[in-house]
Each structure stands twice: as C-alpha cells, then as structure tokens.
Amino acid sequence: MERFRVALLSPQTSVLEDMTSEALTYGHSSGLMEDQDTFIHSVISGKFKFTQLEFNDQTVNIEGNTAIVRHTLFGHTADEGKEPATVALSVLTIWQKVNGKLRLLARQSVRKAPV
C-alpha cells in the first residue's frame, strides 16, 4: 500500500502498469469507473492529482492469493481544471497475487462521513 501511495504522488506509467491488473476496475467516490488504461492516463495526465496523501486505519484480510485492504484516505488534490481541494475517503482495494506480485484488481471509495 505504501508503494501504491507513493505511485499516486509521483506517477509513472511503468510503475502503475506493474502494480495494476489488466482487468482493473477503479471506482471513484463520484461514481466514475475506470479501467486500467483510463486510470493510468488520469493519474499521469494530471486529471486526478494528489499533492499530499495519507493512508490510515488500514486492515488487511488475506484469502488464498487475494488480499482485501480497507483504509481511510486523506489528501490534498490539484486536479486538472479544478481548485485545490481536500479529500477524505473510505477505500476498499482488492489485490491479487499473480506470478509472485500483488496487483490491484479493484478499488472503490466513498466520501468519509464527518465525525
């Protein structure tokens, strides 16, 4: 998860391709759904850009070659064409081990309710 967090802050196509499945389903809190190519393009192009990013309250459940990871995300964004913003999300990711490497298979987030 730390490697993925760093990859979102300093995105490189080859790193993101290596960390994600070709079958990736990447769900945003807005309801937008992206596949692997669209997700990588969005991050590389700056459509979605984090300037600060924290993952907290992480839990991991492993079933066979699949890891289910939940965490909270807090970050500052500078998305293309938008004013800088702050985001707080609850995130679910599913990672699958393929040929000895964990690859992100699915991700879904929802806006974190105020406490």
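**Charged pairs and a helix**

Student: Which class does Glu2 count as at 47% relative accessibility?

Tutor: Glu2 has a relative accessibility of 47%. Buried means under 20% relative accessible area, exposed over 50%, and partly exposed in between (1.4 Å probe, protein chains only). Because 47% lies between these cut-offs, Glu2 counts as partly exposed.

Student: What should I know about the model and its numbering?

Tutor: The model is predicted: local features need pLDDT of at least 70, side-chain atom pairs count only at pLDDT 80 or more, and totals for chains, interfaces and linings use all residues. Side-chain values use heavy atoms, with hydrogens and water left out, and each chain's residues are numbered, as its sequence is written, from 1.

Student: How many salt bridges are there?

Tutor: A salt bridge is a side-chain nitrogen of Lys or Arg within 4 Å of a carboxyl oxygen of Asp or Glu. Glu2 and Arg5 form one, at 2.8 Å from N to O. By this rule the count is 4.

Student: Glu2 and Arg5 are how many residues apart in helix H1?

Tutor: Helices (H or I, at least four residues) and strands (E, at least two) are DSSP runs, numbered from the N terminus. H1 covers residues 2–9, and about one helical turn separates Glu2 from Arg5. Their spacing is 3 residues.

Student: Asp18 and Lys101 tie together parts that are how far apart in sequence?

Tutor: The side chains of Asp18 and Lys101 meet in a salt bridge of 2.6 Å, N to O. Asp18 sits in helix H2 and Lys101 in strand S6 (residues 101–111), so the parts tied together are separated in sequence by 83 residues.

Student: Which residues do salt bridges that share partners join into one network?

Tutor: Asp18 meets Lys101 in a salt bridge, and Asp18 also meets Arg3, at 3.4 Å from N to O. Through shared partners, one network joins Arg3, Asp18, Lys101 and Arg103.

Student: How wide an arc around the axis do the buried residues of H1 cover?

Tutor: Phe4, Arg5, Ala7 and Leu8 are buried in H1. The arc is that of the directions from the helix axis to the C-beta atoms. These residues are on the same side of H1, because their arc is only 160°.

Student: What do the buried residues of H1 pack against?

Tutor: Contact here means heavy atoms within 4.5 Å. The buried residues of H1 pack against H2, strand S1 (20–27), helix H3 (36–45), strand S3 (50–63), strand S5 (85–98) and S6.
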